[in-house]
Amino acid sequence: KPPARDRPRLLFVGSDRPQKRGHLLVDLLSRLPEVDLEFVGPFGPAFPRLFSSMEGRVAFRGVRSGDDLAQAYATADLLVHPAVGEAFGLVPFEAALAGTAAVVAGGHGCGEWYGRAGGCVVPPDDVGALADAVRSRLRDRHLAGQEALQVAEFTRTHLTWAAAAKAFESAYRELLKRS
């Protein structure tokens, strides 16, 4: 559980690459003035300037790994993952394993898998839907917690090396049958 704070804290783990859609978080924070946001990952000097009017609400922590990254996941109130064009993104699944729910953009592999796992998926590049989903989960912590539990269970059950090997083996067998 996140520590008690005066203000909810969202987490974004990614980079300033365009497909990560971090620039959408400026509008998100404008719609949620009661929320703070922590960034974890590699960001060039231009990206933090997008948030210059939100000083005190935004923190850039740089690249984290291992226990530091696990701590960032575990202590956030909610993860936001607006990325598009990812075949599979690990970040929301890692957050769920640390007990933190996420709001994920759909329209690509990560959103498809996250929705299948029982997590919250919103339309890509729809900041209004993203803000509504974040607001809803910050108000209803039980809902967010249940989603995190479902996604974590799905991850432990279906997103394993053994499951991946079985899927590849099945695909290869099907290809051999056709040839």
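A disulfide here is a pair of cysteine sulfur atoms within 2.5 Å, and a search of the whole structure turns up 0 of them. This is a predicted model, so local features need pLDDT of at least 70 and side-chain atom pairs count only at pLDDT 80 or more, while totals for chains, interfaces and linings use all residues. Residues are numbered from 1 along each chain as its sequence is written, and side-chain values use heavy atoms, with hydrogens and water left out.

**Cysteines**

- A disulfide is a covalent bond between the sulfur atoms of two cysteines.
- Cysteine 120, for its part, is in no disulfide, with the sulfur of cysteine 110 as its nearest cysteine sulfur.
- Cysteine 110 is buried, at a relative accessible area of 0%; buried means under 20% relative accessible area, exposed means over 50%, and partly exposed is in between (1.4 Å probe, protein chains only).
- Cysteine 120 counts as buried too, with 9% relative accessibility.

**Overall fold**

- The protein chain has 8 helices and 6 strands, where helices (H or I, at least four residues) and strands (E, at least two) are DSSP runs numbered from the N terminus.
- Going along the sequence, the pattern is β-α-β-α-β-α-β-α-β-α-β-α-α-α.
- The radius of gyration is 17 Å, close to the 16 Å that the globule rule gives for 179 residues, so the chain is as compact as a globular protein of that length. That radius is taken over C-alpha atoms, and the globule rule is 2.2 Å times the number of residues to the power 0.38.
- Along its principal axes, the C-alpha trace spans about 60 × 35 × 30 Å.
- Of the 179 residues, 46% count as buried.
- Among contacts (heavy atoms within 4.5 Å) with a separation of 6 or more, 62% come from residues 24 or more positions apart.

- Which residues of helix H3 (residues 66–75) are buried? They are Leu69, Ala72, Tyr73 and Thr75.

**Second largest pocket**

- On a 1 Å grid over the protein atoms alone, a pocket is an open set of points with protein on both sides within 12 Å along at least five of seven lines, whereas a cavity is a set where a 1.4 Å probe fits but cannot get out; lining residues have an atom within 4 Å of a point.
- The second largest pocket has a volume of about 230 Å³. Grid points are joined across faces, edges and corners, and a volume is the space filled by probe spheres set on the points.
- Helix H8 (residues 161–178) gives the largest share of the lining, 5 residues.
- Residues lining this pocket include Phe88, Leu90, Trp113, His158, Trp161 and Phe168.
- By class, the lining has 9 nonpolar, 2 polar and no charged residues. Ala, Val, Leu, Ile, Met, Phe, Trp, Tyr, Cys and Pro count as nonpolar, Asp, Glu, Lys and Arg as charged, and the others, Gly among them, as polar.

**Cavity and aspartate 125**

- The structure holds 1 cavity of 30 Å³ or more, and the largest cavity has a volume of about 50 Å³.
- Its lining is made up of Leu24, Pro82, Ala105, Val122, Pro123, Pro124, Asp125, Asp126, Val127 and Leu130, which split into 8 nonpolar, no polar and 2 charged.
- Aspartate 125 sits in the loop between strand S6 (120–122) and helix H6 (127–139) and is partly exposed, at 41% relative accessible area.
- Aspartate 125 also has a positive phi of about 60 degrees, although it is not a glycine.

**Other residues to look at**

- Arginine 21 lies in the loop between S1 and helix H1 (24–31), and its phi is near 60 degrees, a positive value in a residue other than glycine.
- Arginine 178 lies in helix H8 and counts as exposed at 66% relative accessibility.
- Arginine 178 and glutamate 153 are 25 residues apart in sequence, and 35 Å apart in space, C-alpha to C-alpha.
- Glutamate 112 is in helix H5 (residues 109–116) and counts as partly exposed at 49% relative accessibility.
- Between the C-alpha atoms of glutamate 112 and proline 42 the separation is 26 Å, with the two residues 70 apart along the chain.
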